[in-house]
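Let's walk through this structure together, one piece at a time. Keep the sequence and the 3D view side by side as you read.

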Amino acid sequence: MGAQMRVYRQRIRSVQATKKITRAMELIAASRVVKARQRVVESGPYTHALTKALSALAEYSNEAHALITEKSEIKRAAVLVIAGDRGLSGGYNSSVIKESEQLVRKLQEEGKEVAIYLCGQRAINFYKFRHRDFVASWHGFSDAPQFDHAKEIADRLIADFSMDIDAGGNDEVHIVYTRFKSMVTQEPRVLRLVPLEVVEGETTAHPEVLPLYAFEPNVEAVLDALLPKYVTNRVYTCLLGSAASQLAAQQRAMKSATDNADALIKTYTRLANQARQAEITQEISEIVGGANALASA
Amino acid sequence: MSELQVELVAADRRVWVGAAKMVRCRTSSGELGVMPGHTPMLGILVNGELIIHQADGAKQAATIDSGFLSVEHDRVTIVADHVDVQG
C-alpha cells in the first residue's frame, strides 16, 4: 500500500472516532435540554405565586425596604456572571463573558467600582487566567442547578448587599445570564437584581383587582420574608435558563462538529480513492513499459 | 358549603392542587386553620407540618420549610422552598 493512501486511511479512522464522540455528546445534550426546559416550566408556578404576592404588597403598602430602595449614590456594583462549567458548547461561554465585560466596562465608566461574583468553571478560569480578582465563585452545577444552589448564591449576594459600603458591601447587583428564547436562539442578558425594579409589568396585564389582604404577622415581616425569596427565585430562574441555553448551545455545536466530521470523511475518502487509483495507473504503466521494453529488445 | 381551591407549590415544582375543606399550617405567630370564607390574607409560614383536609375526607400532610400562604376568594396558595409530602 502506498504511503499516501496509508496517511489518508489513518486520518479517516481518527475523524470517525471523533465523530462517534461528538455524535454521542449531541444526543446526550439533546436529552438533557428537554429535562432542563421541563424544569424551567416547573419553576413557573412558584414564580407566579411569588410575583402575585409581591404585587399585592406593592399595591397596598408603602413600606420601604433595603432591597427595593434605590441608593442615592452608587459606589460599588456587584456583577454575577453565570457561565457554564464546561466548554464544547459553541459560543455559549464566550458570549456571556463578552456581555459581562461590556457591562463591567460600562459600570466603570460611570465611576463605579465593580465586584465580581462568578458562577461556572469557565468564567472562573477566564478570571484566573487573567489574574483578575473576584469576590466569590461557585461551580459544579451548571447543567442541573438546584434551588439550594440558587439560595446559596442569593444569600451571599443579599448579605453583601446589606453590608456597609466601607465594609465591602455593594450598592447594586447585576446578573449576566443567558436567556433561553428557543432551541436555536439564546441570548446573553443583563438583569439588575437589586434594588428590585418594582415587580414585573404583569400587574397591568391582569386587570383583576387584588383583594385587601390581611398581613400575618404584619406588612414589614411579610415584606422581609418575601423579598429575599423573590431575589432567590430570580437567581434560580437565571440559573435554569442558563442551563437550558448551555445544553441547547452544546447540542448545536456538537451537531455541527458531527456534520463537519462527515464532510471530512467524505473528502479524505475521495483523496484516498484518488491515491489508490493513481497507484494502480502507475503500476499498469510500469508493467506496460516493461513489456514494451522486453518486446523491443 | 363552598370549598377551598388549594395549590401547594415548591420552588421547583407544583406539588399538589385540589379542593379542600380546611388547611392547617403554622404561621410565625401560631397555628392557623383556613376554612372557606376566610378573609384574604398573606401570612408567613415557619417550618413545620401542613395538613390539607381534602374535600373527599382524606388528609394530605406535608412538611414545609419557610414559605408563605395567600388566601383570597377561597383560593389558597401555599408556597415553600422545599416541600416533603407524606403518605
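## Where α5 meets α7 in chain A

In α5(A), the residues F147(A), H149(A), A150(A), K151(A), I153(A), A154(A) and I158(A) meet P228(A), V231(A), T232(A), V235(A), Y236(A) and L239(A) of α7(A). Here, two residues are in contact if their C-beta atoms, placed from the backbone, lie within 7 Å. Sorted by class, this contact has 10 nonpolar residues, two polar and one charged. (Ala, Val, Leu, Ile, Met, Phe, Trp, Tyr, Cys and Pro count as nonpolar, Asp, Glu, Lys and Arg as charged, and the others, Gly among them, as polar.)

This is a predicted model, in which local features need pLDDT of at least 70, side-chain atom pairs count only at pLDDT 80 or more, and totals for chains, interfaces and linings use all residues. Residues are numbered from 1 along each chain as its sequence is written, while chains are lettered from A and ligands numbered from 1 in the order in which they are written.

## Two ways to cross α7

How do the axes of α5(A), residues 147-162, and α7(A) cross? They come within 8 Å and cross at roughly 125°. An axis is a line fitted to C-alpha atoms, for helices over the stretch in contact, and angles run from 0 to 180 degrees between N-to-C directions. That makes α5(A) oblique to α7(A): angles under 35 degrees count as roughly parallel, over 145 as roughly antiparallel, 65 to 115 as roughly perpendicular and the rest as oblique. The crossing is right-handed, meaning that the near helix is turned clockwise from the far one by less than a right angle, with anticlockwise giving a left-handed crossing.

Now look at α1(A), residues 3-42, and α7(A), residues 219-296. Their axes come within 7 Å and cross at roughly 160°, so α1(A) and α7(A) are roughly antiparallel to each other. This crossing is left-handed. Its contact has 24 nonpolar, nine polar and 12 charged residues.

## The overall look of chain A

Chain A has seven helices and six strands, and along the sequence they run α-α-β-α-β-α-β-α-β-β-α-β-α. Helices (H or I, at least four residues) and strands (E, at least two) are DSSP runs, numbered from the N terminus. Is chain A compact or spread out? Its radius of gyration is 29 Å, well over the 19 Å from the globule rule for 297 residues, so chain A is more spread out than a compact globule. (The radius is taken over C-alpha atoms, and the rule is 2.2 Å times the number of residues to the power 0.38.) The C-alpha atoms of chain A fill a box of roughly 115 × 45 × 30 Å along the principal axes.

Of the contacts in chain A between residues at least 6 apart in sequence, 78% join residues at least 24 apart. Buried residues make up 33% of chain A. A residue is buried if 20 or more other C-beta atoms lie within 10 Å of its own, exposed if 12 or fewer, and partly exposed in between, with C-beta atoms placed from the backbone.

F180(A) sits in strand β4, residues 172-180. It is buried, because 23 other C-beta atoms lie within 10 Å. Leaving out residues up to four places away in sequence, F180(A) touches V40(A), Q186(A), G241(A), A244(A), S245(A) and A248(A).

Next, find P195(A), in the loop between β5 (186-194) and α6 (202-205). The peptide bond from V194(A) to P195(A) is cis, with omega near -5°.

Chain B has zero helices and nine strands. In chain B, 37% of the residues count as buried.

Between β7 (67-72) and β8 (75-80) of chain B there is a loop holding H73(B). This residue has a positive phi of about 40° although it is not a glycine, and it counts as exposed, with 12 C-beta neighbours inside 10 Å. D74(B) lies in the loop between β7 and β8 too. Its phi is near 60°, and D74(B) is partly exposed, with 17 other C-beta atoms within 10 Å.

## Where the chains touch

The contact between the chains takes 22 residues from chain A and 22 residues from chain B. On the chain A side, α2(A) gives the largest share, six residues. That side divides into 18 nonpolar residues, one polar and three charged.
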